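Visitor: I would like to learn how to read a structure like this one. Please take me through it feature by feature.

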Amino acid sequence: MTTALAARSNLQKTVRIAVCGIVQGVGFRPYVWRLASGCNLRGEVYNDASGVMIKAAGYQADIDQFLKKLKLEIPPLSRIDQIECLDLDENIQRKSFEITQSSDGYKSPHITADAALCSACLDETLSPFERRFRYPFTNCTYCGPRFSIVKKAPYDRSNTSMARFDLCDDCRTEFSDVDDRRFHAQPIACHVCGPKASLVHLNEGIVTYDMHSMLDDVDAVCSLLQKGEIVAIRGVGGFHLACDATNSSVIKKLRKRKQRAAKPFALMARDLDIIRQYSVVSEQEEQLLKSPEAPIVLLKSNGENSLPDELAPGLNTLGFMLPYTPMHVLILRRMTRPVVMTSANLSDAPQVTSNEEVSEKLKGIADYALFHDRDIVNRVDDSVVRVMCGRARIMRRSRGYAPGAIKLPEGFETTPDLLAYGGELKSTFCLLTAGAAILSQHQGDLEDADTYEDYQNSLKLFQDLYQHAPEMLAGDMHPEYLSTKLAVERAHSEDLPIALIQHHHAHIASCLAENNVSLSAKPVLGVALDGLGFGGDGEIWGGEFMLADYKDYKRLGTFKPVAMIGGAQAIKEPWRNVYAHLMAEMGWDRFAMNFNELDLYKSLEAKPLKTINQMLKHNTNVPLASSCGRLFDAVAAATGLCFDSAAFEGQGATLLEAAIDEDVLNATGEEAAYPFAIPTLQLNGLPYIEPLAMWQALFGDLILKTPLPVIAARFHNGMARIIIDMISRNIKTCSMDGHDVSQVVLTGGCFQNATLLGLVQKGLRNQGLEVLTHSTVPSNDGGLALGQVVIAAAKLIQNRSA
């Protein structure tokens, strides 16, 4: 060996590189192997508790090149949160770079979400020269089922519902070839060895596809949809009910059978060209539709063509998604129009997942069913996303996003395992482990018995998957929430500490965590507007302005407390809210004297007002609620948009937003906004938003027969202006108390109203304030559990340091 070569040899070193993030089950180790081999490094890569561990030996220049490239060309489903490189004082004896088995004690906070069909698998599925031609379950390392099929950790085929499908020789060769994109792709299969699809008539049994198609059972579904049939289709995370979205009569039939009167149906179309016939699609919305997450994207429904009103009654948006599995691609291959693709269930029940349930729960709703024999372990609904104020905002976080780990801000790194149980509606739960929050997929409304059972099963599965043993529990402060009762029961049975968190404080903390606000950051001005939540004083809150951080909150302002006549019945029957506001603002006699010519007067007179008045007089089942959501309901009822009953939560608010006149909305004069005031409550001196002047102006507009779109615009403008005024007043109060507030959090379900969010955000930014809003976590109760878990963690850290 020459002196020069000897000197170069002495420059070799060994390093250990820990990579944290979404790096398991996404092709990351083969990616590292190819990169390390190309950089002439020796060593190994394997999964461990932190993510992926790399031990590499080589020259410093080669190691530097490897580290530089490591972040640049990562697999499409992966995400690097942190890379830590340490020098090792040891020699690696391996002569090449290898992929080795997971280390003992394997525990990762990252389980990959299900991913939409990648372009390579799409090409294979559609090519007659490929062995997976027209195979409905084609997948690889970069796409396909993940979370929906996993039973326990680690994510190996034997721990998924693919375990019973033994790989054929060809698939095994792909699985074992480190250079193949299917290397260690756990769900891979083909016509020979994998799951099969079969078409069934729900009244007559097995159907031979040649009755409806010249190809196969999957293609036959297309023919059935074109003929006006309703078909239950087993997808990734559950069954869908599908029908022709241009056929008004079949849509009406589906609504009647499914008992879903007005809630919008989701749609799927073969390609973007079809979607653009009915909706305007921005570049950002296009990217969302084509993303690996493939959510339902809410789009403006003002394309060249129109679809039946029955799809989304009264709304100006349509929820579209593109085919995200090979099965969907093949079904829609010949379909030149959109199809309804809604969850297969009766209204408010959880989505059906098993073949066996279909005969019991969907017979009488669907005419046919397309089954397959790959079991769905975890129910996963379609996610819903809407672009608002230039950002994609998740409204329902499920398929494609859950259970993706949310890295927590600075200060939460050493928190032990915690578990938060979430709320009652749009429920989720949240595990805190290894410095990350694992927010579950959308669970639904726990008042439904099947949903509640599913919630408990999911909770057990998550704890098994993440080997999670919480040292503390958290739940909502509301004593009657089923999630809270479950948390309290477990705390008692296992002798665990429990933190019961105020609902709106949890909303604010959820937004802080999502925006990576550190544990030690100064308090913010949090605005939490929703339907209702249990208040710190035992009353019902729903329109709250708070000085808050993770550890504590102080209530600074609110909406006017108004009776919820009949309690929860007021959520279902909006007329109760407008009557409650009338009685709180002006009384029936004054209203009758000034506005008796209104249709609203006649409609209210037909209600059992004598009984209602007695309830109000004796304070019987008429709890006061400072609810922004109920104010929206009241205005929607007053204008006739949604008077007698709400077909779904928030229907009145969505109809009111859809009705807006954009020209009036963008005007700046006094006539463009209804007036509100900010007096103080006699009981505690708290500033509150008083809507009396708004009601007088709105009723005056109704007398003048002012167009509904103008009324809707004036209401939204007025609401935005008074919210901004309240925030400005609160910030001045904070300043006098020694708190320098420069950040405002906007959270709660009412801020899923794009108009309200946009107006308030713009007004606050014009004042030089930083506005924090939601994007990756829902602003509604779907994000509540995240807020609960970080508040509980903050309290635990505070107590331990005391």
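Guide: Cys85 is partly exposed, with a relative accessible area of 36%. Keep in mind that this is a predicted model.

Visitor: How many disulfides does the structure hold?

Guide: A disulfide is read from the distance between two cysteine sulfur atoms, which must be within 2.5 Å. The structure holds 0 disulfides. For Cys85, the nearest cysteine sulfur belongs to Cys39 and is 13 Å away.

Visitor: Is Cys118 buried or exposed?

Guide: A residue counts as buried when its relative accessible area is under 20%. Cys118 has a value of 13%, so it is buried.

Visitor: Now the whole chain. What does its secondary structure come to?

Guide: The protein chain has 26 helices and 30 strands. Its radius of gyration is 28 Å, close to the 28 Å that the globule rule gives for 802 residues, so the chain is as compact as a globular protein of that length. Along the principal axes, the C-alpha trace spans about 105 × 75 × 55 Å.

Visitor: Which residues account for 73% of the contacts with a separation of 6 or more?

Guide: A contact means heavy atoms within 4.5 Å. Among contacts in the protein chain with a separation of 6 or more, 73% come from residues 24 or more positions apart.

Visitor: Let us take a single element. How many residues does helix 23 have, and how far does it reach?

Guide: Helix 23 covers residues 692–703, which is 12 residues. From first C-alpha to last it reaches 17 Å, close to the 16 Å expected at 1.5 Å a residue.

Visitor: Which residues of helix 23 are buried?

Guide: Met694, Trp695, Leu698, Phe699, Asp701 and Leu702 are buried. They cover an arc of only 155° around the axis, so they lie on the same side of helix 23.

Visitor: What do the buried residues of helix 23 pack against?

Guide: Their partners are helix 16 (575–585), helix 17 (587–595), helix 18 (599–605), helix 20 (628–638) and helix 24 (708–736).

Visitor: What follows helix 23?

Guide: Lys705 follows helix 23, and its phi is positive, near 55°.

Key:
Residues are numbered from 1 along each chain as its sequence is written. This is a predicted model: local features need pLDDT of at least 70, side-chain atom pairs count only at pLDDT 80 or more; totals for chains, interfaces and linings use all residues. Side-chain values use heavy atoms; hydrogens and water are left out. Helices (H or I, at least four residues) and strands (E, at least two) are DSSP runs, numbered from the N terminus. The expected span of a helix is 1.5 Å times one less than its number of residues. Buried means under 20% relative accessible area, exposed over 50%, partly exposed in between (1.4 Å probe, protein chains only). The arc is that of the directions from the helix axis to the C-beta atoms. The radius of gyration is taken over C-alpha atoms; the globule rule is 2.2 Å times the number of residues to the power 0.38.
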